[in-house]
Amino acid sequence: MAIVRSLRGIGNRVVNAVWRTGYGARFFLMTLFYSGMSFRRFRLTVREMFFSGVMSLIIILVAGMFVGMVLGLQGYETLKRYGSESALGSLVALSLVRELGPVLAALLFASRAGSAMTAEIGLMKATEQIDAMELMAVNPIARVVAPRFWAGVISMPLLAALFSAMGVFGGYVVGVVLIGVDEGSFWSQMQSAVDFQHDVLNGVIKSFVFGVAVTVIALFEGYDAPPTAEGVSGATTRTVVQSSLVILMLDFILTAFMFRGD
Amino acid sequence: MERTTLDLWVGAFVVAGIAALVVLALKVGNLSTYNVSDTYQLQAHFTNVGGLKPTASIRSAGVLVGRVTSIVLDTDRYEAKVTMSIDKRYQFPKDTFANILTSGLLGEQYIGLIPGGDDKMLQNGDEFKKTQSAVVLEDLIGKFLYNSADSKK
């Protein structure tokens, strides 16, 4: 009987996961469908951009700076063996613009802003604010969810660009100012290696996709959370875990499409 | 509608983000070295282009004068046909040499132009008659081994 029970448990979990996926997809489409208000009353979106974008600035800038400095230090140690310290600039810039900028900024954004979104919406649901809105004939998806979605989608590429720029600066500080790599070759090697369309624009596209994924997961988890203290805390944890995994998986898929064959 | 400090912060954030993108494009990337000025097209046939890629630079006396736009195999001659766009400000004599060179020992490959002494200049669509292919390291080592075996006899 134990086998039957465990089989039943697995089946239940699978059906539940598929169910939630479908509900999540419908939620995403509803968010897009009711996005009109986020632009007609743009102040709503601006307010959310303040909470998810501006408030994440400090962590993004400091993290970017340190990631760039570590890249400069480690890259220098390795490149020194082959006598090609001058390639430090291209190493730092390429790894930041292509991968680390979008991915790390998205991971930080998920844990800094995504978790807050989930907790906020989950609590609004637990305290029946969402139901109250529906009673007043205000669509909660248009009024609460969509502005947060668009704020996240707009903020994410900007945060990733700031992360990369800050990282390049950090690499410059360690490589050129502290270690003493030649400044001219640092920048010129970087410029000859980084292509605007191939590297910078693809990085922006990546961070845009991550922004959509993180905000949709965060908002859906909050909207779907059981209206209890436990439910909200569980949903917040799931947001961070799921969006981190989704970011890394999407990054692999996007990289395979963007940088294949050269 | 009235302005709030919140708008100021969000505005500053958006401006900073766009500024970071511009820095990435101009200072980190190569957007500033793209020539937006008028160009004209020239062609050259090489027996081997080695690792030359589209967007590789074309230099004369070390100065960037243009970029490679396309590399295709010309099946009439079974040679690589390289099309390049050259800045209109620079004109080259008809007997200019086009060589595929490497920057540094293992660096990127580019096309170096060595001007000749002809009075007539290359026009749009013309072809470099004198070209030198990329140096392939295996051939070089093969020649070296062959020569050293010869000299021992």
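Chain B has a radius of gyration of 23 Å, whereas a compact globule of 153 residues would have one near 15 Å. The model is predicted. Along its principal axes, the C-alpha trace of chain B spans about 90 × 45 × 30 Å. Of the 153 residues in this chain, 23% count as buried.

The domain division of chain B gives domain 1 (1-33) and domain 2 (35-141). The C-alpha centres of domain 1 of chain B and domain 2 of chain B are 39 Å apart.

Chain B contains 2 helices and 8 strands. Read from the N terminus, its elements follow the order α-β-β-β-β-β-β-β-β-α.

Strands of a sheet pair through backbone hydrogen bonds, in either the parallel or the antiparallel sense. In chain B, strand β3 (residues 63-74) and strand β4 (residues 79-87) pair in the antiparallel sense. This pairing runs over 8 bridges. B:Leu73 stands opposite B:Ala80 in β4(B).

Chain A carries transmembrane annotations. The unreviewed UniProt entry places the feature "transmembrane region" at residues 49-71, 91-111, 156-179, 200-220 and 240-259 of chain A. Two of these spans are described here. Residues 49-71 of chain A are 83% helix and 0% strand, with end C-alpha atoms 30 Å apart. Residues 91-111 of chain A are 100% helix and 0% strand. The end C-alpha atoms of residues 91-111 of chain A lie 28 Å apart.

The two chains meet at an interface. Here, 24 residues of chain A are in contact with 19 residues of chain B. On the side of chain A that touches chain B, the elements giving two or more residues are α3 (42-52), α5 (88-126), α7 (140-179), α8 (183-193) and α9 (196-224) of chain A. The largest share of that side comes from α7(A), with 7 residues. By class, the side of chain A that touches chain B comprises 17 nonpolar, 4 polar and 3 charged residues.

How values were computed:
Residues numbered from 1 in each chain as written. Chains lettered and ligands numbered in written order. Predicted model: local features only at pLDDT ≥ 70, side-chain atom pairs only at ≥ 80, totals over all residues. UniProt positions renumbered as here; feature names shortened; annotations may be inferred. Helix = DSSP H or I, 4+ residues; strand = E, 2+ residues; numbered from the N terminus. Domains from an automatic or database assignment. Contact = placed C-beta atoms within 7 Å. Nonpolar A, V, L, I, M, F, W, Y, C, P; charged D, E, K, R; others polar. Rg over C-alpha atoms; globule rule 2.2 N^0.38 Å. Buried ≥ 20, exposed ≤ 12 C-beta atoms within 10 Å, placed from the backbone. Pairing = 2+ DSSP bridges.
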